[in-house]
Amino acid sequence: MFNVETIRQDFPILSRKVNGKPLVYFDNAATSQTPKQVIKAIVDYYSNYNANIHRGVHTLSQEATDLYEQARQKIQSHFNAKFSHEIIFTSGTTHGINLVANGFSSLLKKADEIIVSALEHHSNIVPWQMLCERTGATLKVIPMNEDGELIMTDYDKLLSKHTKLVFVNHVSNALGTVNPIEYIIEKAHQFGAAVLIDGAQSSPHIKPDVQKLDVDFYVASAHKMCGPTGVGMLYGKEEWLKKLPPYQGGGEMIAEVTFEKTSYADLPHKFEAGTPNIAGGITFGAALDYMNAIGFENIATYEHELLSYATEQLSAIKGLKIYGTSAQKTSVISFNLKGIHPYDVGTILDKLGIAVRTGHHCAQPIMDFYKIPGTVRASLAFYNTKAEIDALVEGVKKAKMMLS
Ligand code: PMP
């Protein structure tokens, strides 16, 4: 049974005050808050198991290795990968994307084309631009419409025998639009192109099945899913991970090293050079356990209710415009008050203890499309409440009054 008041007790930070007011945390798309179950797992690791993994014969090292590999299996099972070696631990979504982009440097040639979308975060634009610079390949962009949706008929026209890769986020961090990734993947495969889905914003709300999606690569960050910062995952189909060269050289990723030649370790270690974020990996697993115990269907239903309520309440404020009005949305509301800079609204909300993000949200092309410098973004999580939305609405009205 989903009970938000019980859930909120798991998050110590939600009972703190900011500027003398109870914290209202609506910056979940930037990073989620951490439940005490995950905090306990971090303390437990450093109190009882802290050791380097995969190389020690001693007990602590073996216990830490077992916990780390169990976490990999939890991630495998959560995303429904076929093999646990298809899960690569990364430092986050950005690292996962760069790992794949770097790997494709040796696989692309000048006539090849890469497709991204107009709704991407900078971390799903810049690495592909760098890849195009290295290889001479061309970057093409699926355009968006006023509602903040990708125009699929234009996507169809961009695809050709030259398309080698398609990169799209599942959910836009700036607008909350849920992109039709099933269609995007199926169409790309008809042209023999590989697809990477950036799941940074979808994974906290939607449980993906990478086998059912038939996606080639999928990336996510633990810190957006109630886990710690500095750790994330890359799923890659075994055949692709075998084809891609390693990203970084170092310890852990080798089979044998001489000064003449080095051979690489098997998957997943080929992509995991150096000592990883061991506590991060293990507690990423704890965060998945926590979210799965609540249940992603329960989370989605509740968040949908919150999103509808917030959209309705904010829309009623005269002069407030919401960007991203697709019917397919998750927990993000991006808006502006007419004639008022988003930063000023964010500053007043902070004085009231309300945390929102203001600016371009690392998605400048979207802001350029709407010809605005940025937005105020309230991003919701399953531990938010309608009362907190009421506080936000009152805060926005106050900001409007003070700044008009
Ligand atoms: N892609 C999207 C859609 C995001 O929202 C973010 C984080 N804001 C990233 C990529 C980058 O994630 P990280 O900073 O955890 O690497």
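This is a predicted model: local features need pLDDT of at least 70, side-chain atom pairs count only at pLDDT 80 or more; totals for chains, interfaces and linings use all residues.
Residues are numbered from 1 along each chain as its sequence is written, and side-chain values use heavy atoms, with hydrogens and water left out. Helices (H or I, at least four residues) and strands (E, at least two) are DSSP runs, numbered from the N terminus.

**Strand β10 and its partners**

- β10 pairs with strand β4 (residues 87-90) in the antiparallel sense, over 4 bridges; pairing requires at least two DSSP bridges between two strands.
- Thr90 has Gly232 as its bridge partner in β10.
- Strand β9 (residues 217-221) also runs antiparallel to β10, joined by 5 bridges.
- Tyr218 is bridged to Tyr235 of β10.

**Domains**

- The protein divides into domain 1 (4-30 + 296-403) and domain 2 (39-293); these bounds come from an automatic or database domain assignment.
- The centres of domain 1 and domain 2, taken over C-alpha atoms, are 28 Å apart.
- Domain 1 puts 34 residues into the contact and domain 2 puts in 35 residues (contact means heavy atoms within 4.5 Å).
- UniProt, in an unreviewed entry, places the feature "domain: Aminotransferase class V" at residues 24-392. UniProt positions follow the numbering used here, feature names are shortened, and annotations may be inferred rather than shown by experiment.
- The end C-alpha atoms of residues 24-392 lie 8 Å apart. That span is 39% helix and 18% strand.

**Nonpolar cores**

- What counts as a nonpolar core? It is a set of buried Ala, Val, Leu, Ile, Met, Phe, Trp, Tyr and Cys residues joined through side-chain atoms within 4.5 Å.
- In soluble globular proteins, nonpolar side chains tend to be buried together.
- The largest nonpolar core has 98 residues, and Val166 and Phe382 have the most contacts inside it.
- Helix α10 (residues 278-294) supplies the largest share of this core, 9 residues.
- Domain 1 and domain 2 both give residues to this core, so it lies between them.
- A second, separate core has 25 residues, including Ile114, Phe167, Phe217 and Leu241.
- Beyond its neighbours within four places in sequence, Val166 is in contact with Ile115, Tyr155, Leu159, Ile184, Ala188, Ala193, Ala194, Val195 and Leu196.

**Ser117**

- Ser117 sits in strand β5 (residues 113-117). Its relative accessible area is 2%, so Ser117 is buried.
- Leaving out neighbours within four places in sequence, Ser117 contacts Val141, Ile142, Leu150, Phe167 and Val168.

**Leu320**

- Leu320 belongs to strand β13 (residues 320-323). It counts as buried because its relative accessibility is 11%.
- Residues up to four places away aside, Leu320 touches Leu314, Phe335, Asn336, Leu337 and Val396.
- Leu320 and Gly339 are 19 residues apart in sequence and 9.9 Å apart in space, C-alpha to C-alpha.

**Backbone exceptions**

- Most residues other than glycine have a negative phi, and most peptide bonds are trans.
- Leu267 and Pro268 are joined by a cis peptide bond, with omega about 0°. Pro268 is in the loop between β12 (262-264) and α10.
- Cys226 has a positive phi near 70° and is not a glycine. Cys226 lies in the loop between β9 and β10, and is buried at 1% relative accessible area.
- Glu252, also not a glycine, has a positive phi of about 75°. Glu252 is in the loop between α9 (238-243) and β11 (254-257), and counts as buried at 19% relative accessibility.

Terms used
Buried means under 20% relative accessible area, exposed over 50%, partly exposed in between (1.4 Å probe, protein chains only).
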